[in-house]
Amino acid sequence: MDFSDTEENSQGLNFKLKCVDELQNPNDLTISTIQEAEIEVCQDSEKSSVDSGVGEVCKRSQDTLEDEESPEFKKKMWHKLWEPIEIPPNLSKRQRKKYIRKVLWETKWKPERRAKEREKLKQKKRNARLNNESLGPSRKMLKHCTMALSSCKLRIALDFSFDDLMSEKDIGKCLKQLNHCYCMNRRALNPLQLYVTNFCGKSKEEMARSTGYQNWDVYFHEENHISIFDKKDLVYLTSDSENILSKLDETKVYVIGALVDHNQHKGKTLSVANKQEISHAQLPIREFLDMTTRQVLTIDHVFEILILVSEGVSWKEAFLKVIPQRKGAVEKTA
């Protein structure tokens, strides 16, 4: 055995023990130069190891994000979705994408969304029971609120003769407004007599995709309103008319044009009324409100106003309640 190595090891051990004793001694607050050097070396090595570790993690996460955002990654994910879909031949690239999205919506995305909506509704009902809140009329009560049993005999006809003037997207919006009108009428204390006329074009084809509308408490007709009702009873509601509707008359049939055109076809509903030689009028908005925009309302907004007025609400209150704030409607000052 080499005693010189043993002696050096023992000296090193004694030095380390001495350093520990000096650090543990609360009365001695001085640190030797050697100890400071050792501490700095340790801190530098720890810092470099931490920095390298953080840098490595950041690099890995950045590489992952780059992979997920890369066109190849998106392409692979997209291919996984539409691999089982049979695409018709002779379609352009844009048409293929549109067709794939349509099939995925019907087979995958729509059922998932409906399941989430049902779960959300269940949770809403649970919270309402816990907080003793009312969620509106029950299904049993709604079954008795039909147009046939209603005391209100005011007739409203939605004219769906403008399919050729709307894009597929606008037709979808128009049908959503029809759906909203039906829901409001179903929940009204005394439902209005709701008719849908000229329901024979693209709107009907689009509506046929959602089964069940045939069971709605709505009178659907393919014929025009002038062949269903007497001309003298018809009043076409249009914001372009010079006549003002002051009160509702249950002997009249008020026609609302089912047109979503973003003001591209101004005066179209008025020209239809003049061509059919029937009366026309506009809601008395200007008599009660000042508006910064045109007095053109959506189908469901007009229908909701008519429901409120038929229930005894004043025109002014109905306008303030229904007309959205973006229209800039302000009550007129005397």
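A residue is called buried here when its relative accessible area is under 20%.

**Figure 1. The whole chain at a glance.** Let's start with the overview of this predicted model. Of the chain's 334 residues, 29% count as buried. The secondary structure comes to 12 helices and 8 strands. Among contacts with a separation of 6 or more, 72% are between residues 24 or more positions apart. The chain exposes about 23000 Å², and carbon and sulfur atoms supply 52% of that area.

**Figure 2. Strand 2 and its covered faces.** Here we zoom in on strand 2, where 5 of the 5 residues are buried, so the strand is largely enclosed by the rest of the structure. Gln-193, Tyr-195 and Thr-197 lie on one side, Leu-194 and Val-196 on the other, and both faces are covered.

**Figure 3. The neighbours of strand 2.** Strand 1 pairs with strand 2 in the parallel sense over 5 bridges. Within this pairing, Leu-158 stands opposite Val-196 of strand 2. To get from strand 1 to strand 2, the chain passes through helix 6, making a right-handed β-α-β crossover. Strand 2 also runs parallel to strand 3 (residues 219-220), joined to it by 2 bridges. Tyr-195 has Tyr-219 as its bridge partner in strand 3. The chain crosses from strand 2 to strand 3 through helix 7 (residues 202-207), and this β-α-β crossover is right-handed.

**Figure 4. Helix 11 among its packing partners.** Take a look at helix 11, which is mostly covered, with 10 of its 12 residues buried. Among the buried ones are Ile-299, Asp-300, His-301 and Phe-303. The buried residues of this helix pack against strand 1 (155-159), helix 6 (168-187), strand 2 (193-197), strand 4 (234-237), strand 5 (253-257) and helix 12. How far apart are the end C-alpha atoms of helix 11? They are 17 Å apart, which agrees with the 16 Å that its 12 residues (299-310) should span at 1.5 Å a residue. After helix 11 comes Gly-312, whose phi is positive, near 105°.

Figure 5. Leaving aside neighbours within four places in sequence, Lys-316 is in contact with Phe-288 and Glu-331. Lys-332 is 16 residues from Lys-316 in sequence, and their C-alpha atoms are 9.9 Å apart in space.

Notes:
Residues are numbered from 1 along each chain as its sequence is written. This is a predicted model: local features need pLDDT of at least 70, side-chain atom pairs count only at pLDDT 80 or more; totals for chains, interfaces and linings use all residues. Side-chain values use heavy atoms; hydrogens and water are left out. Contact means heavy atoms within 4.5 Å. Helices (H or I, at least four residues) and strands (E, at least two) are DSSP runs, numbered from the N terminus. The expected span of a helix is 1.5 Å times one less than its number of residues. Buried means under 20% relative accessible area, exposed over 50%, partly exposed in between (1.4 Å probe, protein chains only). Accessible areas come from the Shrake-Rupley method with a 1.4 Å probe; for residues, only the protein chains shown count as cover. Two strands pair if DSSP finds at least two bridges between them. A crossover is right-handed if, with the strands pointing away from the viewer, the path from the first strand over the helix to the second runs clockwise.
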